[in-house]
There are 4 protein chains.
Amino acid sequence: MNSFGRIFRVQIFGESHGEVVGVLIDGCPAGIPISSETFQEDLARRKGGMQKGTTPRSEEDIPLLKSGIFNATTTGAPLIILFENKNTRSSDYEKMIEIPRPGHADFVAHQKFGGHEDYRGGGHFSGRLTTSLVAAGVVAKKLLGSIEVTATLKEVAGEPDSATGIEKAISKQDSVGGIVECVVKGLPIGLGEPFFDSVESLIAHAIFSIPAVRGIEFGSGFAAARMFGSEHNDSLVSMDGTTATNHAGGVVGGLTNGNELLFRVAIKPTSSTPQEQKSLNTATGKQEAFTVKGRHDLCIALRVPVVVEAVTAMVLADLLLLEQKILRVNPSR
Amino acid sequence: MNSFGRIFRVQIFGESHGEVVGVLIDGCPAGIPISSETFQEDLARRKGGMQKGTTPRSEEDIPLLKSGIFNATTTGAPLIILFENKNTRSSDYEKMIEIPRPGHADFVAHQKFGGHEDYRGGGHFSGRLTTSLVAAGVVAKKLLGSIEVTATLKEVAGEPDSATGIEKAISKQDSVGGIVECVVKGLPIGLGEPFFDSVESLIAHAIFSIPAVRGIEFGSGFAAARMFGSEHNDSLVSMDGTTATNHAGGVVGGLTNGNELLFRVAIKPTSSTPQEQKSLNTATGKQEAFTVKGRHDLCIALRVPVVVEAVTAMVLADLLLLEQKILRVNPSR
Amino acid sequence: MNSFGRIFRVQIFGESHGEVVGVLIDGCPAGIPISSETFQEDLARRKGGMQKGTTPRSEEDIPLLKSGIFNATTTGAPLIILFENKNTRSSDYEKMIEIPRPGHADFVAHQKFGGHEDYRGGGHFSGRLTTSLVAAGVVAKKLLGSIEVTATLKEVAGEPDSATGIEKAISKQDSVGGIVECVVKGLPIGLGEPFFDSVESLIAHAIFSIPAVRGIEFGSGFAAARMFGSEHNDSLVSMDGTTATNHAGGVVGGLTNGNELLFRVAIKPTSSTPQEQKSLNTATGKQEAFTVKGRHDLCIALRVPVVVEAVTAMVLADLLLLEQKILRVNPSR
Amino acid sequence: MNSFGRIFRVQIFGESHGEVVGVLIDGCPAGIPISSETFQEDLARRKGGMQKGTTPRSEEDIPLLKSGIFNATTTGAPLIILFENKNTRSSDYEKMIEIPRPGHADFVAHQKFGGHEDYRGGGHFSGRLTTSLVAAGVVAKKLLGSIEVTATLKEVAGEPDSATGIEKAISKQDSVGGIVECVVKGLPIGLGEPFFDSVESLIAHAIFSIPAVRGIEFGSGFAAARMFGSEHNDSLVSMDGTTATNHAGGVVGGLTNGNELLFRVAIKPTSSTPQEQKSLNTATGKQEAFTVKGRHDLCIALRVPVVVEAVTAMVLADLLLLEQKILRVNPSR
């Protein structure tokens with residue numbers, strides 16, 4: 001399914017070179033002020049064409065609020081938000097029908113959907129759909145009150161400094177990856193469930209819906225596998241749940257523990273590298289050299305932090321509603 | 001919720017020192033041969049008391065098949081499988097009511113459930129519940145046919161050899177963690193969905209329901225963040241989906257791509273270390289020294305591979321049913 | 001939630017006097033031919049302004065297929081279908097902010113959503129949303145192959161002849177109700193589940209999502225309560241499931257039994273009657289006389305049959321996918 | 001699926017002549033006092049062998065509370081409640097393998113599950129499973145506080161007096177049906193959703209999971225189809241939502257409106273009548289005379305009211321949790 005959440009439920013749709021991409025949000029509390037402007041900052045952070053290493057394709061990304069909003073306030077009915085696709089050049093993508101682009105879903109999508117998929121620009125599999133995720137995140141963040149979700153790019157191409165990392169990509173004329181870290185402050189104790197709906201389970205589920213994610217780790221993460229128990233355990237120091245260290249990343253037994261929620265996400269290098277690659281020509285059945293055309297990011301990781309924030313906010317808004325820490329109707333109108 | 005899956009739906013329940021732990025499976029196809037013996041091998045792999053570094057608490061772990069099975073075959077109705085808790089010593093755990101054990105859910109569970117939680121031995125949060133997961137996995141594996149799910153322990157306490165890692169733990173008298181790798185062979189192309197129900201999303205969701213998991217990475221994982229695109233991309237070599245390399249770990253665009261599904265899981269050191277630790281005495285509001293009693297594993301990672309296989313099999317059985325690659329009624333009875 | 005279905009999942013949205021109403025369909029198999037024309041017949045059946053007793057408000061009802069369709073065929077990605085609201089006159093509805101219309105959701109919506117609801121023309125509660133249901137039904141019907149879903153109006157204002165019933169309404173200048181019967185031919189045996197997802201449960205769930213429905217009965221229905229068992233039981237006559245009678249309405253033990261699925265639905269008289277009524281003036285707290293303005297149907301039941309077909313087709317498409325009687329990818333492209 | 005509910009989630013399992021029937025409840029708030037005695041009254045109301053017209057099979061129906069309860073209080077973890085089947089005589093049912101009982105699921109279950117179904121006493125399709133529903137209802141009722149759910153038998157065999165109706169059945173030696181009416185007092189305004197999760201949708205969904213139900217109507221129900229709008233509309237008289245009449249049965253626009261929730265349910269005559277019937281001998285392919293053996297109720301409707309209350313309470317508990325009218329943790333411990 002293309003939906004997520006139990007109360008605050010998000011469903012995304014659309015294709016890269018179709019008419020629109022968009023998002024439907026069901027279960028959003030009534031009384032939340034939302035207008036087109038509310039989305040500007042986060043959409044701008046996601047948008048390409050702003051910084052070195054991002055694609056020159058630049059959509060206007062104006063959110064069209066089609067339902068669920070009245071007098072610039074959520075009504076409690078489903079929200080639908082559309083983004084029109086205007087700046088598309090489908091001819092760039094025709095070749096890929098025969099030669100699937102390495103690292104992309106072209107081949108598997110063709111197999112799964114029996115050849116009926118919209119292949120233009122990756123179709124429904126496109127990173128363009130992260131616009132929908134960001135929009136959902138904007139609404140979710142409005143619900144979080146004083147809780148702050150902040151994702152930052154910690155590493156590009158192995159460099160702690162993103163400018164240096166990007167220079168590496170430009171000089172090599174090859175795409176690169178990165179590491180995004182997300183920190184959430186102000187969460188109450190006890191969100192999540194012991195097993196299948198642990199906070200890590202839900203966050204990881206949402207994070208892996210972002211294209212190009214290859215891994216996630218909470219707190220000390222993979223490093224924990226090499227620590228001793230006495231070293232890794234976080235010692236409780238206060239009745240508000242504060243621990244002396246935060247190796248757990250703010251989650252114990254699947255539940256938030258009152259400390260900062262902390263996780264890191266590995267982003268692979270953009271699949272569409274300027275370098276020549278090999279792929280199978282599905283018409284001839286033979287491998288051949290191949291260079292991806294179209295406008296692409298050298299480092300998609302640059303655009304991911306706001307998407308990480310968005311899906312994290314979605315998960316947390318849902319859990320806060322489940323735990324009744326957010327009201328179904330916003331009283332302060 | 002404590003349930004997972006859309007068609008093959010698994011729900012676990014029980015407490016460490018209550019009467020039972022168990023699992024309910026809904027949506028299992030009819031006609032699958034299942035008997036108490038079917039579970040023996042995997043339950044034995046999960047069980048403690050067998051190898052150095054695991055707890056001397058040894059439950060018999062006899063699965064009681066209470067419903068959904070008739071003439072040693074699944075009927076299509078919900079299965080319920082119980083495991084009685086016989087070998088419990090609750091008195092070991094009384095202290096933790098006042099002094100929450102570091103790394104455990106004692107404190108957060110108390111906060112979340114308003115003091116109503118069953119605190120004995122971690123109650124519903126106990127690793128004992130992984131017996132339920134393993135049982136669900138045994139049933140799921142029966143559905144997978146020639147698909148093979150194999151998880152192995154790749155590293156203990158930073159050592160590639162688990163015996164060496166355990167010796168480290170024993171000599172330090174401290175608990176240690178490890179890395180589990182899981183490989184799935186024989187999957188068809190096209191399982192999963194592009195975004196929220198990507199294969200990585202679902203696997204990660206299920207994996208993080210296993211206690212002590214701190215991270216997951218697919219294919220080249222976190223290392224991908226430091227690779228160039230031309231290096232990371234897997235080149236398609238055959239119409240069956242085979243790629244020259246498998247940096248993607250068998251998933252592209254959220255969908256299985258016909259190669260081996262491959263992921264690694266980081267397991268933290270057992271929270272119950274023999275070392276003295278500090279925690280808060282919730283009665284006095286002051287930190288005090290604390291040594292965990294009870295029978296515990298020095299390295300819980302030793303017991304995790306079969307649990308990783310189990311939840312992976314659950315996810316795959318569900319996806320195969322959704323994609324109609326497994327029949328709702330097993331024809332070969 | 002405003003969504004329904006497990007595989008073929010339908011979500012409706014929009015407001016009577018907002019920009020659009022519409023529907024999102026997730027889980028629709030790939031390879032189904034769909035174009036704007038596909039919807040015409042059923043949308044025309046639902047539309048007002050065509051026959052005596054229906055509202056003179058006439059929307060063009062052109063389905064805008066915004067995603068999930070490529071080359072006039074479903075792709076397997078989510079479908080979004082919009083209908084623009086053009087022919088609205090919101091000023092008619094202003095009075096109802098203070099005086100809730102009897103039989104309408106005005107008062108309860110205001111209470112539930114804390115005054116944030118879009119009150120114009122009933123907002124999200126409007127019968128206009130049945131356009132979305134009909135659109136979903138059109139797609140669902142395309143999946144049903146040779147299975148035929150036919151709903152007909154059996155009674156208007158107590159008259160077996162609808163023209164006579166409408167004349168009664170016109171002469172009394174009062175709104176009237178009716179009875180809709182639905183018959184489904186060609187269903188396989190075994191759709192549905194024994195308890196919570198019985199065919200009756202799912203059909204009834206969907207049917208009661210249609211505004212103005214007051215009751216549903218399967219087979220002999222309420223009359224069964226006065227029959228003897230020997231009279232009511234349907235005797236099996238053939239291995240294809242055919243029974244001598246069909247008092248069960250085609251469902252036994254929650255499952256389709258191979259006979260015609262048969263149920264009847266009671267539709268209340270349109271709440272917006274031309275007659276003067278009383279309601280509470282919420283500003284003064286006193287009852288006062290009240291006449292509903294706006295353009296309304298004297299007998300909404302005239303427009304309900306195609307909506308009954310639509311939600312029935314949705315339920316059946318979902319069950320057929322679950323039972324693997326419909327393929328996830330349509331092979332005949 | 002055999003589960004129902006979004007937060008308060010109920011799953012039933014078991015077979016008539018297997019080891020147990022039972023129920024799993026997930027999402028039950030912590031801190032609710034529950035013991036074996038809590039169930040006695042409602043289980044006794046459901047039990048046969050108490051009154052004329054009910055089966056002499058009498059199970060002890062002792063609820064075994066296996067998980068989720070500690071110190072006689074719910075913990076917030078999943079509850080599992082088992083009922084052992086002791087008083088079974090499977091030999092009575094062997095004949096039905098070849099000759100499906102009219103009105104029962106024998107034939108369709110065999111088709112659906114490929115012959116793997118537990119056919120003894122109807123297996124998973126048995127009315128015995130309503131014990132599980134009643135148990136879930138007992139827990140749900142504990143959550144409802146001052147809200148009262150009361151179902152009563154209004155008609156047996158067409159007689160307003162149940163004793164007279166039963167006499168009719170006994171004198172005719174044939175099974176009979178009845179009408180159950182359910183009234184809920186004390187509901188807040190605004191439970192439910194406008195369309196797919198309307199209160200009527202959810203109640204009807206749950207009610208049709210009860211075996212033998214043939215119809216449901218809310219408020220004036222089928223009679224509404226013959227009323228004029230001016231007659232049917234309920235006029236609002238007070239800001240607490242009270243209306244002068246209650247033809248709507250307490251639901252408008254899918255939402256509770258502050259008046260009594262009122263609906264009626266049609267129960268068919270027990271399928272197992274003492275009368276000789278005809279059915280198909282599936283071995284010979286010919287119809288033959290057939291008399292059902294085993295111990296059965298002449299009027300199953302006698303036992304249905306408490307089951308109607310149970311599933312109604314389940315739906316309402318879930319809606320009250322969704323609307324945050326019930327706390328996730330009971331503060332009054």
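Let's start with the sheet in chain A. Five strands form an open sheet, in the order E1-E2-E3-E7-E4, with antiparallel pairing. Which strands stand at the edges? Strand E1, residues 3-4, and strand E4, residues 64-67. Each has a single partner strand, so one side of each is left without a neighbour in the sheet. In general, strands of a sheet pair through backbone hydrogen bonds, parallel or antiparallel.

E1 of chain A pairs with strand E2, residues 9-14, over 2 bridges in the antiparallel sense. A:Phe4 has A:Val10 in E2 as its bridge partner.

A word on confidence. This is a predicted model. It scores ipTM 0.96 and pTM 0.96. Chain A averages a pLDDT of 93, and 94% of its residues score at least 70.

Next, how the chains relate. Two copies of a chain are related by a rotation about an axis and a shift along it. Take chain A and chain B. The same surface serves both copies: 100% of the contact residues of chain A recur in chain B.

How many residues does the contact take from each of these chains? It takes 102 from chain A and 102 from chain B. Together the two chains bury about 7,900 Å² between them, and 65% of that is on carbon and sulfur atoms. Three residues to look at here are A:Phe195, A:Phe196 and A:Arg214. They supply 13% of the area that chain A buries against chain B, more than any other three residues.

Now chain D against chain B. Chain D superposes on chain B with an RMSD of 0.0 Å, by a rotation of 180 degrees and 0.0 Å of shift along its axis. Which residue of chain D comes closest to that rotation axis? D:Leu24, with its C-alpha at 4.2 Å. Here too, 100% of the interface residues of chain D are also interface residues in chain B, so the copies meet through the same surface.

Stay in chain D, and go to helix H3. This helix covers residues 130-143, 14 residues in total. From its first C-alpha to its last it reaches 20 Å, close to the 20 Å expected at 1.5 Å a residue. Is H3 enclosed or open? 12 of its 14 residues are buried, so H3 of chain D is largely enclosed by the rest of the structure. Among the buried residues are D:Thr130, D:Leu133, D:Val138 and D:Leu143. D:Gly137 is also buried.

What do the buried residues of H3 pack against? In chain D, they pack against strands E2 (9-14), E3 (20-26) and E7 (79-84). They also pack against helices H1 (40-46) and H7 (305-322) of chain D. Just after H3, D:Gly145 takes a positive phi of about 60 degrees.

One more piece of chain D: a hairpin. Strand E14, residues 277-281, and strand E15, residues 286-290, pair in the antiparallel sense over 5 bridges. D:Asn281 stands opposite D:Lys286 in E15. There are 4 residues between the two strands. In that turn, D:Gly285 has a positive phi of about 75 degrees.

Those were glycines. Most residues other than glycine have a negative phi. Two cases to flag, then.

B:Ala212 counts as buried, at 17% relative accessibility.

The second case is C:Gln324. Its phi is near 60 degrees, a positive value in a residue other than glycine. C:Gln324 is found in the segment after helix H7 (305-322) of chain C. At 16% relative accessibility, C:Gln324 counts as buried. The cut-off for buried is under 20%.

Last stop, back in chain A. A:Glu309 lies in helix H7, residues 305-322. Buried or exposed? A:Glu309 has 4% relative accessibility, so it counts as buried. What does A:Glu309 touch, leaving out residues up to four places away in sequence? It touches A:Arg45, A:Lys141, A:Val149, A:Thr150 and A:Ala151.

Definitions and conventions: Residues numbered from 1 in each chain as written. Chains lettered and ligands numbered in written order. Predicted model: local features only at pLDDT ≥ 70, side-chain atom pairs only at ≥ 80, totals over all residues. Heavy atoms only, no water. Pairing = 2+ DSSP bridges. pLDDT = per-residue confidence, 0-100. Expected span 1.5 Å × (residues − 1). Buried < 20%, exposed > 50% of the residue type's maximum accessible area, 1.4 Å probe, protein only. Contact = heavy atoms within 4.5 Å. Least-squares fit on C-alpha atoms with pLDDT ≥ 70 in both. Buried area = accessible area lost by both parts, 1.4 Å probe.
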